[in-house]
Amino acid sequence: MSARSVTILGATGSIGASTLDLIEREPERFRIKALTAARSVAKLADAARRTRAERAVILDPALYADLKVALSGSGVEAAAGEEAIVETAAMGADWTMAAIVGTAGLRPVMAALGQGATVALANKEALVSAGALMTRVASDHGATLLPVDSEHNAVFQCFPHGSAERVRKIILTASGGPFRGLTRDEMAGMTPAQAVKHPNWSMGAKISVDSATLMNKGLELIEAFHLFPVGADKLDVIVHPQSVVHSMVEYVDGSVLAQLGTPDMRTPIAHTLAWPERMETPCARLDLASVGRLDFEAPDFDLFPALGLALDALREGGAAPAILNAANEIAVAAFLAGRVGFLDIALIVEKVRSCYAAPHPASIDDVLAIDAEARVRASQVVETLSR
Ligand code: NAD
Ligand code: MG
């Protein structure tokens with residue numbers, strides 16, 4: 001069997017590093033075509049040298065010279081710029097990991113899907129913003145979209161093809177994040193350092209903050225809506241602090257199927273890498289006797305308003321999810337920069353949603369224009385709050 005060619009978009013992040021870790025354990029099975037990153041030249045060059053990648057691409061053109069120096073003598077081709085990332089995504093790897101954070105990953109993902117490629121999707125923001133357009137391009141080009149998000153990967157594993165009409169509910173589990181059990185007043189004073197300290201998962205800063213507000217689960221409801229054809233009214237969330245049950249599918253006969261495992265993203269990533277086969281991972285094995293108990297509780301929509309905001313956007317459809325997502329990206333960045341408080345994140349999203357509506361996007365350019373306008377509006381709200 002010849003080695004599968006792999007491209008990793010967002011290779012220097014948390015998901016990118018986990019993907020590389022798995023691939024480097026089986027070098028005869030995979031061959032790296034390209035790796036991309038935003039600004040971490042040293043990390044990108046090191047990974048490209050180690051894996052003998054064909055190409056390494058850095059987003060920031062000002063870093064091109066540094067990347068060239070870091071790759072000199074390695075035989076790895078250096079490239080830079082946003083267009084170079086999109087072109088690289090369209091190079092036609094057998095398998096592409098979409099692990100850029102935010103709607104910045106949208107055009108590269110669309111380029112890969114347009115090649116009829118197999119795309120392992122971690123970049124949920126792209127799907128939230130452009131859902132129907134993205135799934136249509138995938139089906140038009142015969143591309144395969146494999147969910148990496150642990151919940152969606154769990155549902156995918158419990159959801160044999162074609163069984164949608166026999167599904168009563170898809171139940172996404174939520175850890176509840178680092179602020180579960182706090183009062184609103186306590187949350188108000190929480191710092192970025194406290195917000196990114198997730199109890200179960202080690203992840204990038206943006207998704208860690210989303211987990212603290214529960215916007216992550218809201219985005220995941222929209223993500224599930226596009227990945228699994230059951231309709232919004234059949235999607236549910238339950239808080240499960242141990243993050244052992246990664247999600248569940250309830251069928252009309254009363255059967256509930258769940259996928260379980262220790263909280264390590266290398267398990268869902270490996271599932272998409274080996275799919276439809278399986279592969280070994282170094283993940284800690286699940287030992288239920290030592291876990292002891294599994295707890296479940298209903299989410300608190302009053303304490304975590306982001307969840308309700310996401311549900312509203314899901315039900316409204318059209319441009320609403322793109323606006324929600326863009327406003328959230330700006331709000332989270334402002335929180336991480338110390339410009340606004342933790343509770344301001346949902347407030348900013350709510351304000352942008354209430355003052356800005358747009359027609360149903362008919363193209364990716366429409367989505368990007370809506371995204372850009374929502375970012376401007378959100379930045380204006382940030383200004384008023386941080387004064
Ligand atoms: P991260 O911040 O650790 O990494 C992001 C990667 O994208 C980096 O390689 C960075 O260089 C690159 N990048 C950032 N901005 C970019 C831009 N504008 N253009 C091009 N590249 C850019 O993030 P992460 O935690 O690895 O998350 C990546 C995606 O996967 C997110 O959409 C996140 O929601 C999703 N996800 C992550 C996890 C997790 O455990 N980390 C779990 C589920 C889903
Ligand atoms: Mg998830």
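Two strands count as paired if DSSP finds at least two bridges between them. Keep that rule in hand for the first stop. The model on screen is predicted.

**Stop 1: the four-stranded sheet**

Select strands β8, β9, β10 and β11. They form an open sheet in the order β9-β8-β10-β11, and the pairing is mixed. Look at the edges next. They are β9 (235-239) and β11, and each pairs on one side only. On average, neighbouring strands here are turned by 20 degrees against each other, direction ignored.

Bring up two helices against this sheet. Helix α7 (residues 150-157) packs on it and touches β8, β10 and β11. The direction of α7 makes about 40 degrees with that of β10. Helix α11 (residues 215-227) also packs on the sheet, touching β8 and β9. Its direction makes about 150 degrees with that of β8.

Now zoom in on the pairs. Strand β8 (residues 167-174) and strand β10 (residues 245-251) run antiparallel, joined by five bridges. Pick isoleucine 170, and find its bridge partner in β10, valine 249.

Move across to β11 (residues 256-260). It pairs with β10 in the antiparallel sense, over five bridges. Methionine 248 stands opposite alanine 258 in β11. Valine 245 has leucine 260 in β11 as its bridge partner.

What lies between β10 and β11? The two strands form a hairpin, with four residues between them. Click glycine 254 in the turn: its phi is positive, about 95 degrees.

**Stop 2: the seven-stranded sheet**

Select β1 to β7. This is an open sheet with parallel pairing, in the order β4-β3-β2-β1-β5-β6-β7. β4 (77-80) and β7 (144-147) are the edge strands, each pairing on one side only. From one strand to the next, the twist averages 20 degrees.

Start with β2 (residues 30-37) and β3 (residues 55-58). They run parallel, and four bridges join them. Opposite stands isoleucine 58 in β3.

Then go to β5 (residues 95-98) and β6. They pair in the parallel sense over four bridges. Show the side chains of β6 (residues 118-121). In a regular strand, side chains alternate between the two faces of the sheet. Here Thr118 and Ala120 point one way, while Val119 and Leu121 point the other way. Are these four buried or exposed? All are buried.

**Stop 3: methionine 97**

Stay on β5 and select methionine 97, which lies in that strand. It stands opposite alanine 120 in β6. How many other C-beta atoms lie within 10 Å of methionine 97? There are 30. A residue counts as buried at 20 or more, so methionine 97 is buried.

Show its contacts. Leaving out residues up to four places away in sequence, methionine 97 touches Ile8, Leu9, Thr19, Ala120 and Ala122.

**Stop 4: helix α15**

Select residues 320-336, helix α15. At 1.5 Å a residue, its 17 residues should span 24 Å. The end C-alpha atoms are 24 Å apart, which agrees. Colour by burial. Of the 17 residues, 15 are buried, so α15 is largely enclosed by the rest of the structure. Step just past the helix to glycine 338, where phi is positive, about 80 degrees.

**Stop 5: helices α17 and α6**

Finish with α17 (residues 364-386). This helix has 23 residues and reaches 32 Å from first C-alpha to last, close to the 33 Å expected at 1.5 Å a residue. Its buried residues include Val367, Ile370, Asp371, Ala374 and Arg377. What covers the buried residues of α17? The cover includes α5 (106-114), α6, α15 and α16 (344-355).

At the contact, Ser129, Ala130 and Leu133 in α6 meet Ile364, Val367 and Asp371 in α17. These contact residues divide into four nonpolar, one polar and one charged.

How values were computed
Residues numbered from 1 in each chain as written. Chains lettered and ligands numbered in written order. Predicted model: local features only at pLDDT ≥ 70, side-chain atom pairs only at ≥ 80, totals over all residues. Axes fitted to C-alpha atoms, helices over the stretch in contact; angles between N-to-C directions. Contact = placed C-beta atoms within 7 Å. Nonpolar A, V, L, I, M, F, W, Y, C, P; charged D, E, K, R; others polar. Expected span 1.5 Å × (residues − 1). Buried ≥ 20, exposed ≤ 12 C-beta atoms within 10 Å, placed from the backbone.
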